[in-house]
Amino acid sequence: RITIKMHGKGISQRDVILGSNIGTKKQFVVRAGQLVLSKIDARNGAFGIVPEELDNAIITGNFWAYDINNLIDTDKYYLNYILFSEEFRKICSMSSSGVTNRRYLDEELFLNQEIPLPKLDIQLKKVEEIRSIELKMKKLENELNQLKFKVQDIICELWK
């Protein structure tokens, strides 16, 4: 069985158990590469792409699994950027109904939302732009950490 972590932390194995020991009898098989969402917590970032190692795992009816067609870049990087955007979380929130913390996604509302899907060449270009920016951010983060260490070294020298 799988579990989906909130806040975009991905999908992982929940446990391995004999089917006869599972209380919820209605289970569904998921395949690697499918998009899986938690009906309850998608608005809190509980969704992701099923990794290869969880191919043929099972989910309960509290999850939805969708096939991803060939209109998305083959490595699904564009899809990941879209899924973990604030805009997608808003879609999940707007598509959820209920009065308590257990607000469920309404499938009809969810499936009627529009997600930008440019042609593959544009997706790949945008992914390249994002990766370039992420690389620059990583370098700046490393530089900032080095400067913090230098400041700490200077402060330590003052105590000598």
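The exercises below, each with a worked solution, concern a predicted model.

**Exercise 1. Describe the largest pocket: its volume, its lining and the elements that contribute to the lining.**

Solution. 
- Step 1. The volume comes first: the largest pocket holds about 440 Å³ of space.
- Step 2. Its lining consists of 19 residues. Nearest the pocket centre lie Leu35, Ile72, Leu79, Ile115 and Leu117.
- Step 3. H1 gives the most, with 4 residues.
- Step 4. Sorted by class, the lining has 16 nonpolar residues, 2 polar and 1 charged.

**Exercise 2. Classify the ring pair of Phe47 and Phe88, and state which parts of the chain the pair ties together.**

Solution. 
- Step 1. The structure holds 6 aromatic pairs. For Phe47 and Phe88, the ring centres are 4.9 Å apart, and rings pair if their centres lie within 6.5 Å.
- Step 2. The ring planes stand at 85°. Planes over 60 degrees apart count as edge-to-face, so the pair of Phe47 and Phe88 is edge-to-face.
- Step 3. Phe47 belongs to strand S5 (residues 47-49) and Phe88 to helix H2, so the pair ties together parts that are 41 residues apart in sequence.
- Step 4. Buried means under 20% relative accessible area. Phe47, at 0%, is therefore buried, and Phe88, at 2%, is buried too.
- Step 5. Ring pairs also place both residues in a cluster, formed by Phe47, Trp64, Tyr66, Phe84, Phe88 and Phe110.

**Exercise 3. Identify the ring under the charged end of Arg131 and give the distance.**

Solution. 
- Step 1. The ring belongs to Tyr77, and the charged end of Arg131 sits over it.
- Step 2. The distance from that charged end to the ring centre is 3.7 Å. The distance cut-off for a charge over a ring is 6 Å from the ring centre.

**Exercise 4. Find the residues with the most contacts inside the largest nonpolar core, and the elements that supply the core.**

Solution. 
- Step 1. The core has 14 residues. Those with the most contacts inside it are Leu37, Phe47, Phe88, Cys92, Leu105 and Phe110.
- Step 2. At least two core residues come from each of strand S4 (35-38), strand S7 (63-66), H1 and H2.
- Step 3. H2 supplies the largest share of the core, 3 residues.

**Exercise 5. Decide whether Ile91, Glu87 and Ser95 are buried or exposed, and locate each one.**

Solution. 
- Step 1. Ile91 is found in helix H2. Its relative accessible area is 11%, so Ile91 is buried.
- Step 2. Glu87 also has its place in helix H2. With a relative accessible area of 52%, Glu87 is exposed, the cut-off for this class being over 50%.
- Step 3. Ser95 is in the loop between H2 and strand S8 (96-97). Its relative accessible area is 0%, so Ser95 is buried.
- Step 4. Ile91 and Ile115 are 24 residues apart along the chain, with 9.0 Å between their C-alpha atoms. For Glu87 and Ile115 the values are 28 residues in sequence and 9.1 Å in space. Ser95 and Gly45 are 50 residues apart in sequence and 13 Å apart, C-alpha to C-alpha.

Conventions:
Residues numbered from 1 in each chain as written. Predicted model: local features only at pLDDT ≥ 70, side-chain atom pairs only at ≥ 80, totals over all residues. Heavy atoms only, no water. 1 Å grid on protein atoms, 1.4 Å probe; cavity = no way out; pocket = protein on both sides within 12 Å on 5 of 7 lines; lining within 4 Å. Points joined across faces, edges and corners; volume = space filled by probe spheres on them. Nonpolar A, V, L, I, M, F, W, Y, C, P; charged D, E, K, R; others polar. Phe/Tyr/Trp six-rings, centres within 6.5 Å; stacked < 30°, edge-to-face > 60°. Buried < 20%, exposed > 50% of the residue type's maximum accessible area, 1.4 Å probe, protein only. Lys NZ or Arg CZ within 6 Å of the ring centre and 35° of its normal. Core = buried A, V, L, I, M, F, W, Y, C linked by side-chain atoms within 4.5 Å.
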